[in-house]
Structures are given as structure tokens and as C-alpha cells.
Amino acid sequence: NAGTEADVYISVYGERGDTGSRQLLRSQKPNKFLKGQTDIFALEAVHLGHLYKIVIGHNGLGSGNGWFLDKVVIKDPITDLDYTFLCHRWLDQGQDDGNIARELTVTDASTFPGRQELELKREETWAAEKWKFQEGNTLQFYNQLTRGFICLSPDSTVDALGDQKNKYGKVFFRWLYA
């Protein structure tokens with residue numbers, strides 16, 4: 001009883017506007033909104049830019065109108081980005097909190113441009129820096145506040161008091177920019 005026979009509506013919101021409420025009419029499946037089924041709909045709209053939320057719900061009509069919605073994935077054919085909106089809740093007047101509509105925000109990192117470039121930089125940085133974290137290495141960080149070193153030892157102990165005399169130890173800095 002997790003599917004619905006009610007009419008389902010969706011509004012998609014992006015940085016350039018929204019679609020308004022649209023009924024999801026024709027799925028690629030012969031019967032839509034059945035338990036355990038993934039339905040695919042085509043929705044025509046102007047390009048909304050990066051998407052940030054949707055409102056999805058149903059009209060509450062029909063027998064067995066309660067619906068358990070796992071997630072909605074919207075594929076933008078222009079940017080080829082997928083936007084995932086997790087729900088994992090009931091849209092049912094008799095279940096959960098009784099709401100038959102949900103406002104869902106995007107749950108993946110596709111909302112900001114440059115995600116792939118950022119991930120590539122992270123991988124490149126790790127490839128260059130991972131040698132510092134090999135077994136047996138002791139890491140020392142200079143603490144400007146205490147003017148001493150913080151040592152992370154191979155046995156997982158941490159000397160956070162810092163040795164102020166050890167000014168010539170190997171120091172690895174991580175720069176943070178605001």
C-alpha cells in the first residue's frame with residue numbers, strides 16, 4: 001500500500017524561477033506510482049538554472065491515495081546534471097505527519113558549479129600529500145598561539161602541549177584561506 005492512485009503534482013524551483021504546479025501525467029510505465037516502481041516523466045519547462053528545491057504532493061483523491069515517496073531525481077538535459085531530492089516519507093493523511101505534499105531541497109552537491117573541478121583538485125591534493133600519513137610517520141604542526149609544535153605520533157598519541165624547543169622539526173602547514 002505504498003503506491004497511490006491520486007493525481008500527483010510537482011513544482012520545480014531553480015535560480016531562474018519555477019515551473020509552477022504541474023501534474024505528472026504520462027510515465028514510461030503503464031501504471032504509475034506503484035509500490036517499488038521507478039516512474040520516469042518528461043517535464044517541459046524553460047531552463048531554470050541550478051535547481052534547489054521541489055514541492056511534490058497529490059490531491060488525496062482515489063482509493064488508497066497514501067503514497068510513500070523515496071526520492072525524486074531530476075536530470076537537466078542542458079547541463080547533464082542530476083539533482084537528487086530525498087524524501088523517504090509518507091504523503092498520506094493517515095500516516096506520518098498527515099501531509100500529502102512535501103517541500104524537498106536538493107541533497108547532492110550538484111547545486112554549485114565547479115563540483116567536478118573541486119573534486120579533481122581534492123584528489124590531486126591528496127595524491128601529492130598522502131605520503132605524510134603513511135604508517136610510521138610523525139606529523140608536527142606549528143601552533144602559532146602556543147608557539148610550539150603539535151605532534152601526531154604513529155602510535156595515535158597526540159602531544160598538543162607542544163615542544164617549544166623543537167623549532168627544527170619537519171613542519172607541514174595546511175593553509176586555509178578565508
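You're looking at a predicted model, where local features need pLDDT of at least 70, side-chain atom pairs count only at pLDDT 80 or more, and totals for chains, interfaces and linings use all residues. Residues are numbered from 1 along each chain as its sequence is written, and side-chain values use heavy atoms, with hydrogens and water left out.

**Cartoon view**

Switch to cartoon and you'll find one helix and ten strands. Those names come from DSSP runs, numbered from the N terminus: helices are H or I with at least four residues, strands are E with at least two. Of the 178 residues, 29% are buried; buried means under 20% relative accessible area, exposed means over 50%, and partly exposed is in between (1.4 Å probe, protein chains only). Among contacts (heavy atoms within 4.5 Å) with a separation of 6 or more, 48% join residues 24 or more positions apart.

**The core**

Next, select Ile54, Ile56, Leu69, Val72 and Phe85. In the largest nonpolar core, which has 19 residues, these five touch the most other members. E1, strand E4 (51–58), strand E5 (67–75) and strand E6 (82–91) each give two or more residues to this core. A nonpolar core here is a set of buried Ala, Val, Leu, Ile, Met, Phe, Trp, Tyr and Cys residues joined through side-chain atoms within 4.5 Å. In soluble globular proteins, nonpolar side chains tend to be buried together.

Zoom in on Ile56. Leaving out residues up to four places away in sequence, Ile56 touches a list of residues including Val8, Ile10, Trp67, Leu69, Leu91 and Leu104.

**A serine in E1**

Now click on Ser11, which is in strand E1 (residues 8–14). Is Ser11 buried or exposed? It's buried, with a relative accessible area of 9%. Show its neighbours: beyond four places in sequence, Ser11 touches Thr19, Gly20, Ser21, Lys53, Ile54 and Val55. Look at Gly20 in particular, where the backbone oxygen lies 3.4 Å from a polar atom of the Ser11 side chain.

**Charged pairs**

How many salt bridges does a search of the whole structure find? Seven. Each one is a side-chain nitrogen of Lys or Arg within 4 Å of a carboxyl oxygen of Asp or Glu.

Select Lys75. Its side chain meets Asp80 in a salt bridge (2.9 Å, N to O), and it also meets Asp82 at 3.6 Å, N to O. Lys75 is partly exposed at 48% relative accessible area, and Asp82 is partly exposed too, at 37%.

Then pick Arg89, Asp96, Asp97 and Arg102, which are linked in a network of salt bridges. Within it, Arg102 and Asp96 have their closest N and O atoms 3.4 Å apart. Arg102 is buried at 7% relative accessibility, whereas Asp96 is partly exposed at 45%.

**Last stop: a three-stranded sheet**

Finish by colouring E8, E9 and E10, which form an open sheet in that order with antiparallel pairing. Strand E8 (139–143) and strand E10 (158–159) are the edges, each pairing on one side only. Two strands count as paired if DSSP finds at least two bridges between them. Five bridges join E8 to strand E9 (residues 148–152). To see the two strands side by side, select Gln140, which stands opposite Cys151 in E9.

Key: A polar contact is a pair of N or O atoms within 3.5 Å; within protein, one must be able to donate a hydrogen and the other to accept it, and residues adjacent in sequence count only if both atoms are side-chain atoms.
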